[in-house]
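Hi everyone, thanks for coming. Today I'd like to walk you through a structure that may be new to you, so please have it open as we go.

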Amino acid sequence: MTPRYSIFSLLRNAASYHQDWPEAWRSPEPKPSYEVVIVGGGGHGLATAYYLAKEHGITDVAVIERGWLGGGNTGRNTTIVRSNYLWDESAQLYEHALKLWEGLSQDLNYNVMFSQRGVMNLAHNQHDLRELNRRVSANRLNGVDSEFLTPAQIKAFCPIIDLREQGRYPVLGASLQRRGGTARHDAVAWGYARAADARGVDIIQECPVEGFDIEDGKIRAVRTGKGRIEARKVGIVVAGHSSVLAEQAGFRLPVQSLPLQALVSEPIKPILDTVVMSNAVHAYISQSDKGELVIGAGVDHYVGYGQRGGIAVTEETLAAICELFPMFRRMRMLRLWGGIVDVCPDASPILSKTPVEGLYINCGWGTGGFKATPGSGHVFAHTIARDEPHALNAPFKLDRFHSGFLIDEHGAAAVAH
Amino acid sequence: MLLIVCPWCGPRDESEFSYGGEAHIARPKNPEKLSDEKWGDYVFMRANTKGVLLERWVHSHGCGRWFNVARDTVSYRILAVYRMGEKPPKLDKTTYV
Ligand SMILES: Cc1cc2nc3c(=O)[nH]c(=O)nc-3n(C[C@H](O)[C@H](O)[C@H](O)COP(=O)(O)OP(=O)(O)OC[C@H]3O[C@@H](n4cnc5c(N)ncnc54)[C@H](O)[C@@H]3O)c2cc1C
Ligand SMILES: [Zn+2]
């Protein structure tokens with residue numbers, strides 16, 4: 001039994017100088033076979049395993065990760081969480097996730113540091129304004145909290161924005177989702193891993209999946225760095241590597257893997273207590289609990305698996321940040337990194353069965369899937385357990401690229417999150 | 001940042017170019033007869049190779065012409081540049097998992 005974390009366990013362990021904390025999860029050798037194998041130990045894969053065990057009683061599950069937990073986009077993202085998407089299908093899916101975020105630390109007995117500090121999206125021109133107003137209205141019809149702010153209200157909510165209208169990017173208005181915010185990315189991976197492990201899920205790291213055994217159109221096993229592992233069902237949740245694994249399973253995806261970068265500044269005193277995003281100028285910024293400004297840039301527009309991008313892209317973002325917040329001009333940046341994001345033509349994810357029986361795929365979250373982690377895992381677990389989609393992910397099928405029922409979220413997803 | 005050799009203008013900074021994705025996709029010969037599946041494949045499904053990818057670029061802030069590039073998508077090294085209509089050169093396949 002995994003001991004519960006509480007004020008008492010904290011006190012007890014303080015007495016032994018925190019030297020005797022048990023491991024948060026086991027690291028077993030893989031068994032020869034499992035009922036379900038999840039490929040990819042990012043937030044979405046781990047959440048899927050957790051909800052398979054919790055909601056569907058399927059505990060004979062392994063999560064197989066090539067590197068370390070959360071070492072993909074989960075541990076590289078700027079952690080913005082919100083649900084103010086335009087279309088009914090997406091609003092419902094992301095709102096489902098946001099509701100789960102609201103109780104996640106309690107559910108997992110792990111502090112994911114979910115902070116509902118509000119997310120503000122800026123409008124810089126008349127077109128932005130109209131789009132923003134349309135989205136605010138659509139959100140409210142879908143029961144997603146969303147409000148429109150005038151420049152005076154923006155100034156009151158976030159005083160450090162430059163609203164003198166002298167700059168290149170005058171701010172004409174904003175939308176605000178007060179229930180949005182940020183969470184601690186690593187804690188999400190670790191919390192799900194620990195809670196899944198406690199229910200019997202095997203978590204296997206440093207074990208790449210290199211291929212699939214498929215017989216008569218049915219999945220039989222995955223071939224891994226630690227040998228062949230049989231499975232009745234397999235879920236692929238590998239973000240930037242989705243096309244690589246789909247190719248090994250013999251089908252194609254509409255996804256392109258692009259480099260997306262982020263950077264953090266040196267830590268400073270609290271100055272920014274909300275999240276500010278601007279789709280038009282490709283910039284988004286918040287302040288971490290450590291005090292660093294966390295800044296997200298745009299994608300490089302070519303296929304890239306190198307987890308790094310061009311400096312021109314970050315330069316453009318920083319120029320916009322300095323324009324919006326002149327007081328940050330002399331800040332020094334500490335670290336810059338990239339992730340590989342899996343972008344779909346309609347900027348919406350794919351949570352779907354595949355042409356191979358017993359093989360399921362969860363991908364295409366692109367630049368903005370962290371916010372969806374709990375909801376994605378929840379409905380994907382349903383899809384795998386029941387061999388049919390949950391009502392919330394039914395529209396996000398792979399065959400929408402044949403039927404034409406695309407869910408175009410470029411406006412709400414864009415490059416920002 | 002990539003240094004791309006435009007077949008007409010020579011080596012130029014990546015920021016002068018725009019990306020066109022997978023190269024050598026042939027437009028369907030008989031569009032009226034095409035099934036929804038085939039149309040979907042033509043319009044949306046793309047090679048997204050980890051390794052050597054044959055792709056199109058256009059020198060949009062230069063001569064404005066399209067051309068093909070063979071590029072390793074992990075090291076980002078450009079292995080060959082060749083004109084539209086030309087066959088891709090023979091290249092060793094690097095495989096990454
Ligand atoms: C710089 C940046 C900023 C972002 N900002 C935000 C944001 O503010 N808000 C937001 O909502 N989203 C954001 N995102 C997007 C978000 O990070 C992703 O959509 C989300 O984290 C995807 O989670 P995942 O679990 O599907 O993927 P990942 O965390 O990438 O996990 C996939 C895992 O699969 C593993 N894997 C790959 N191939 C194999 C194999 N062959 N065998 C075994 N394992 C394999 C990888 O090692 C990886 O750990 C951002 C992304 C980046 C890169
Ligand atoms: Zn040229």
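**A walk through the model**

Let's begin in chain B, where B:Ser18 stands opposite B:Val58 in S4(B). The strand pairing here is that of S3(B) with S4(B), which run antiparallel and share 4 bridges.

Before going on, a word about what we are looking at. This is a predicted model. For the complex, the predictor gives an ipTM of 0.95 and a pTM of 0.97. Chain B has an average pLDDT of 94, and 98% of its residues score at least 70.

Now to the metal, still in chain B. Which atoms coordinate the zinc ion (ligand 2)? The donors are the SG atoms of B:Cys6, B:Cys9 and B:Cys63, together with ND1 of B:His59, at 2.0 to 2.3 Å. Along the chain, these donors follow the spacing C-x2-C-x49-H-x3-C. B:Cys9 sits in the loop between strand S1 (3-6) and strand S2 (10-13) of chain B, while B:His59 is in the loop between strand S4 (52-58) and strand S5 (66-72) of chain B; the pair therefore ties together parts that are 50 residues apart in sequence.

What is the geometry of the site of the zinc ion (ligand 2)? The site is tetrahedral, with angles of 105 to 119° among its 4 donor atoms. For reference, the ideal angle for four tetrahedral donors is 109.5 degrees.

Let's move over to chain A. Here 8 strands form an open sheet with mixed pairing, in the order S5-S6-S4-S13-S14-S15-S12-S16. Strand S5 (147-149) and strand S16 (333-343) of chain A stand at the edges with a single partner strand each, so one side of each has no neighbour in the sheet. From one strand to the next, the twist averages 20°. Inside that order you can find strand S4 (residues 119-123) and strand S13 (residues 275-278) of chain A, which run parallel and are joined by 3 bridges. One pair to look for is A:Val119, whose bridge partner in S13(A) is A:Val275.

Next, a hairpin. Strand S9 (residues 209-215) and strand S10 (residues 218-224) of chain A pair in the antiparallel sense over 6 bridges. A:Val209 has A:Thr224 in S10(A) as its bridge partner. Between S9(A) and S10(A) there are 2 residues, and A:Asp216 in the turn has a positive phi of about 50°.

A:Gly211 and A:Leu245 are 34 residues apart in sequence, yet their C-alpha atoms are 7.3 Å apart in space. A:Leu245 belongs to helix H8 (residues 242-249) of chain A and is buried, at 6% relative accessibility.

Notes. Residues are numbered from 1 along each chain as its sequence is written. Chains are lettered from A and ligands numbered from 1 in the order in which they are written. This is a predicted model: local features need pLDDT of at least 70, side-chain atom pairs count only at pLDDT 80 or more; totals for chains, interfaces and linings use all residues. Side-chain values use heavy atoms; hydrogens and water are left out. Two strands pair if DSSP finds at least two bridges between them. Axes are lines fitted to C-alpha atoms, for helices over the stretch in contact, and angles run from 0 to 180 degrees between N-to-C directions. Donors are N, O and S atoms within 2.8 Å of the metal (3.2 Å for Na, K and Ca); water is not among the atoms, so sites may look incomplete. Four donors count as tetrahedral if all angles lie between 85 and 135 degrees; four count as square planar and six as octahedral if opposite donors are over 155 degrees apart and all others between 65 and 115; anything else is irregular. pLDDT is the predictor's confidence in each residue, from 0 to 100. Buried means under 20% relative accessible area, exposed over 50%, partly exposed in between (1.4 Å probe, protein chains only).
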